[in-house]
Amino acid sequence: MPRLQVPPVSSVSLACTLAFALAAGIASAAGDGAIDFEKQIAPIFEDKCLNCHSGEKPKGKYSMVTREATFGDGLIVPGDPDDGDFYWLLITEDEDEMMPPPDNGGPLPDEQRELVRRWIEEGANWPDGLELGKAKGPDFSTEIQPILDKLSVEDREKLKAWIDAGALWPVDNPDTVELAEKIRELIVATSVEKVAEEMAAYTETISTTGVNFDLVPIPGGEFVMGSPESEPGRQPNEGPQHPVKISPFWMGKCEVTWDEYGPFMVSDDRRSKPGAKIYPDPDDTIVDMVSRPTKPFMPMNFGMPEKGHPAIAMTQHAASKYCEWLSAQTGHYYRLPTEAEWEYACRAGTSTAWSWGDDPAQAGEYAWFLDNANFQYQKVGVKMPNQWGLHDMHGNVGEWVLDFHRSDGYASLLDSGKVRENPWVMTDKLYPRSVRGGSWKDSPVGLRSSARLGSDTKWKMQDPQLPKSIWYHTEPRTLGFRVVRPLEIPDAATMFKMWNSGVEHDGTQE
Amino acid sequence: MNPPSKSPSKPAVDSRRDFLKKSSAATIAGAAASSLVFPTISRAEPFQGTIRVGLIGCGGRGSGAAAQALSADDNVQLAAVADVFEGQLEGSLANLRKKFGEKVTVGDGEKFLGLDAYQKVLDSNVDMVILTTPPGFRPMMLEAAIKAGKHVFCEKPVAVDAPGVRSVLQSAQSAKSKGLSLVCGFCWRYHDARREFFNRIHAGEIGEIQSMFSTYYTGPVKPMPPASRRPEGMADVAWQIKNWYNFGWLSGDSLAEQAVHSVDKIAWAMKDIDPVSAVATGGRQIPANGGNIYDHFHVIYEFPNKVLCHLGSRQQRGTYGENNDYIHGTKGTGTIANGCVIKSESGNWVDGPELQTDMYQAEHNHLFKSIREGGAVNDGEWMAHSTMLAIMGRMAAYTGQKITWEEALNSTHDLAPDDLKWDSEFTPDEMALPGRTKFV
C-alpha cells in the first residue's frame, strides 16, 4: 500500500496542525451536531478497519489502535479531510487503493464516510489515551448476511420481529446431538458385551452418587402383543393381538427409586426451564451437560416415604433425561423401554392376563395395588418377581414407556403378514404418551400385562406457572419408570432422538 | 368447576378485632378505623362488560395467574403488563398470546418496563390487576392498586416485614370500603379437599386442637449464583432483584416465601386467631453466596391455652423431603400427607378424587365471580395474618428471642426503603445471628 508511506513532516508543522485542531474542535463542539468520536467514529473503525489494522502485525504495517498510529505523519490532518490521505482512501474508486478493500467489505456507506469527513473537518478529536480494539461482534456483510440469505421470507420475518421485540438469546444448551456423540463414545469404549450369550445380570453403580441398582438380561424373541377379546377387563386399545419381534436388552430389576432419581432431580445449579445450567462451568463434564429438572417447589413424594420407594411425578421427558444422565456416567446405553419391549418383558413368555396367570386372587403375592398398598406406593422389590426376575411390573407405580399412545389400539400400525420388529410408535404430539403396568390405585384388572394408560394434560393441574414445567406431573402420583439397556448400541442420532422424544419446547404444547 | 360459594375463611370476630387493635393500622388509618372493624359493605356494584386485566410481574407464576384470570370469565382481556426484565415480559406475552389469542390485547403502548412500571399499569385503563412481583414490593403495589380503584389478585406472601403487613391491612380495609374485590394466592384455601378437611376440624370432629406439627422440608428453590456471575456494571438492586429469593427484603426469607403455605395451614387450623408468642431456631448451613436468607427453621407458635403449633422447614439438597401436617385433637387426629385423613372416635374420613380440584383456577373463578356480582370478596385480613405469622417466626429465629404477637405486629423494622432505583447501591441486612441480631 504505497500511499500509506507518507513522507515525514516536520515537528513544527505537526505542532501547528495540533493547535489548529484544538481550536477547530472547540469551535465545532459548540456548534450544532458535533461528532462524538467514541460514539460515532470509533465503532466504524472498530467494525470496518481494526480487523486488519491492529494487533502485532497490522496490514500495511498500519495500526489504528492509538491516535498517534492512526494519524501517522500527516495521514489525517485535523481540520482538513482533503489534506491527509486517510479520507482519500475512503472515497477513491480505485479498487487497488480503496479502504476497506473490495474483498474485505468494500467502501463504507456514504453516511459513514460523511461522518468521518465531518469528524476530520471538526478537528479529528480523539480523546487522550483512548485505544480502539477489534469489534466484538461478527461482521454483518461477510458473516451475518450469508446466514440471513439462507432463511425463508417467513423465517426472516419471525427473526426480525423477535429482534425488534428485544431479542434475548436463550441460555446456550450444550445438550445437543454432539453431546450424544460424546456419550456414545464413552458407551462404545465401556460396553464389553457384544452378543446375547455374554449378557448376564449385573449391578450398576451411579458414580456421581454411589447408588447401586440391579439389571437382569432379557433374551431376544418373538411374542404376541395385546390381549384377546375374551380377556376379562380387556379394553379396545389393547388389540388387535399381533406378533412382535424384540432384540435382547437388559431391564431394571425394579422401578427406579428416589435414591437413584432424587439426586438427578434436585441439582445444586440454577437451571433454565429447558434444564440447561444458567451458569455453565468450562470444566463441565458430559454428565454436567445433560439437561436436568428445574427445582420442584414442594416435595414431589406427596407425603410418601422415599428411601427404597419408587420415584414418581416426573414427565416422560424427565425420565428420558435421567436415562441420558445415567448413560453419561456409567458408559452403558440406558433409555426408557418401548411399549413393545415393556409388554414383552412383563409377559416374560406368558400369554395370560398377568404374568402369574389368569387368577386375580393371586395379585397380592405379586403386586401392590388398591387392596393392599394402603393408598400409597410401597418399597420396590418386595413382591414376587415375574419369570424373568422383574419385580413390580404389575402395580406399585405405573411405568413410562417411550411410545406415543394410539388410543385406538394397534390396528393402524399393522402391515398384514409382517411381524413388527422392535417397533417404536412416535409422533410430535405429546399427549397422550403411554404408561404401563398399573399402580397402587388400580384394581387387578388395571395391572394386566396388556393394560395401557395414556397421559393427560390434566396431570399438570397443580402447576401454577405458565409455561408449565416440562419436568413434573403433579397430579397422578402413580407415575414412575424403569430403565432398559439395549444390547445393540445405536448411532448418536438415534440416541439423541430417544432421549428427547418427550421434550416440550415451550411448555404449552398439548 | 364451581367457584367457592363464600370466602374460604371466616376468622373469629374477636380475633379480627384484636388483630386490628393491636396493629398500628388502626391508628394510622385514622378516623375511618375508629370502629376497629371493617365497614360493612356487603355488596358493591355489579360489573358488566369486559374486565380488563393488568399483569404486574411477568414471571412463571405471574404468567400462570394471568392464564387463570383469562380462563375465569368469558369477557376478560389482558390489557397491560409490567416487569423489570424485557425478555421476561415479552416471553410471558408470547406464551399468553399462544394460549389465548385475541384475549391478549396488550399493544406496545401497554407494555411497561422498570421499577415504576406498576404505576403505569394502574394509570392505564384496567379494572383488575395481578400482583406477582417478588413479595417485598407487594404492600406498596397493593396500596397503589387499591388507591387507583382496581380489583386485585395478589400472590402470597403479601409482605416481608411488619410495616408491610400493617400497610396491607390498611389497603385491605380501604378495598372493602371501596367495594373492591381482593383475593390472594394462599392457594390451599381454595382446594376442595383441604376446605373439607378444615371444615371438619372446625366442626369439632377431632375435638379441641391440642397441638399441630407442619413440615416443609424441600430442596433449595432458586440458589444464589456466586458473585463472579454478576455482570459487570449491574448495580446492587438489579442483581438482588434478579436473585430475589435470596434476599429477605425481597422474598421475606424461605419461611415467609415458601413455608408460609404451611404456616397458613396452622393459621387455618387455629381459625385465624392470634398466637400468643413464638420461639424459633434457624440458620444457614449451605453457603449463601452473598444472599441473606436462612435454609432451615423450626418455629413453635404458642396459641391461647398453651396449644403449641410446630413448623419445621428446610431447603437443603439431598435431605429428607416432606410437606405434611399433623393435627392432634382431644378426640382424634387430622393428617394431610398423601391426601387428607381424619381419624376420630366417631369414625374416619379420607378425601376422595372428586375433591382434587384445580385450586389455582378456583382462586380466580372466585375473584371474577365477585367482580361480576359486586361481591367485594376480601381475603385481606387473613392473608395479612398468615403472612405476619411467618414473619413473626422469622423474627424469633433471627433474634433468638421469644417474640410476642403484639411485639411482632408493631415491629418497626422496614427491610428496605420504598424508593430504591434499578441502579441503586443497596446493602441489605447482614445474615442474622441469633443472640446478636436485635429485635427492632
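Hi everyone, let's start with a crossing: helix H8 of chain A passes H14 of chain A in a right-handed sense. Please keep in mind that this is a predicted model.

How do those two helices sit against each other? Their axes come within 8 Å and cross at roughly 115°, and that makes H8(A) roughly perpendicular to H14(A). If you'd like to find the meeting point on your screen, look on the H8(A) side for A:Val177, A:Ala180, A:Glu181, A:Ile183, A:Arg184 and A:Ile187. Their partners in H14(A) are A:Ala492, A:Ala493, A:Met495, A:Phe496 and A:Trp499.

Let's stay with H8(A) for a moment. This helix covers residues 177-190, which is 14 residues. From the first C-alpha to the last, H8(A) reaches 20 Å, close to the 20 Å expected at 1.5 Å a residue.

Which residues of H8(A) are buried? They are A:Leu179, A:Ala180, A:Ile183 and A:Ile187. Looking down the helix axis, the buried residues of H8(A) fall within an arc of 95°, so they line one face of the helix.

Now over to chain B, for another pair of helices. Here helix H6 (residues 138-147) packs with helix H7 (residues 162-178) at an angle of about 15°, their axes 9 Å apart. An angle under 35 degrees counts as roughly parallel, so H6(B) is roughly parallel to H7(B). The crossing of H6(B) past H7(B) is left-handed. On the H6(B) side, the contact is made by B:Pro139, B:Leu142, B:Glu143, B:Ile146 and B:Lys147. H7(B) contributes B:Gly164, B:Ser167, B:Val168, B:Ser171, B:Ser174, B:Ala175 and B:Lys178.

One last stop, at a single residue. Where is B:Asp108? You'll find B:Asp108 in the loop between helix H4 (86-100) and strand E3 (111-113) of chain B. Is B:Asp108 buried or exposed? With a relative accessible area of 67%, B:Asp108 is exposed, since exposed means over 50%. For a sense of distance, B:Asp108 and B:Gly400 lie 292 residues apart in sequence and 51 Å apart in space, C-alpha to C-alpha.

Technical notes: Residues are numbered from 1 along each chain as its sequence is written. Chains are lettered from A and ligands numbered from 1 in the order in which they are written. This is a predicted model: local features need pLDDT of at least 70, side-chain atom pairs count only at pLDDT 80 or more; totals for chains, interfaces and linings use all residues. Side-chain values use heavy atoms; hydrogens and water are left out. Helices (H or I, at least four residues) and strands (E, at least two) are DSSP runs, numbered from the N terminus. The expected span of a helix is 1.5 Å times one less than its number of residues. Buried means under 20% relative accessible area, exposed over 50%, partly exposed in between (1.4 Å probe, protein chains only). The arc is that of the directions from the helix axis to the C-beta atoms. Axes are lines fitted to C-alpha atoms, for helices over the stretch in contact, and angles run from 0 to 180 degrees between N-to-C directions. Angles under 35 degrees count as roughly parallel, over 145 as roughly antiparallel, 65 to 115 as roughly perpendicular and the rest as oblique. A crossing is left-handed if the near helix is turned anticlockwise from the far one by less than a right angle, and right-handed if clockwise. Contact means heavy atoms within 4.5 Å.
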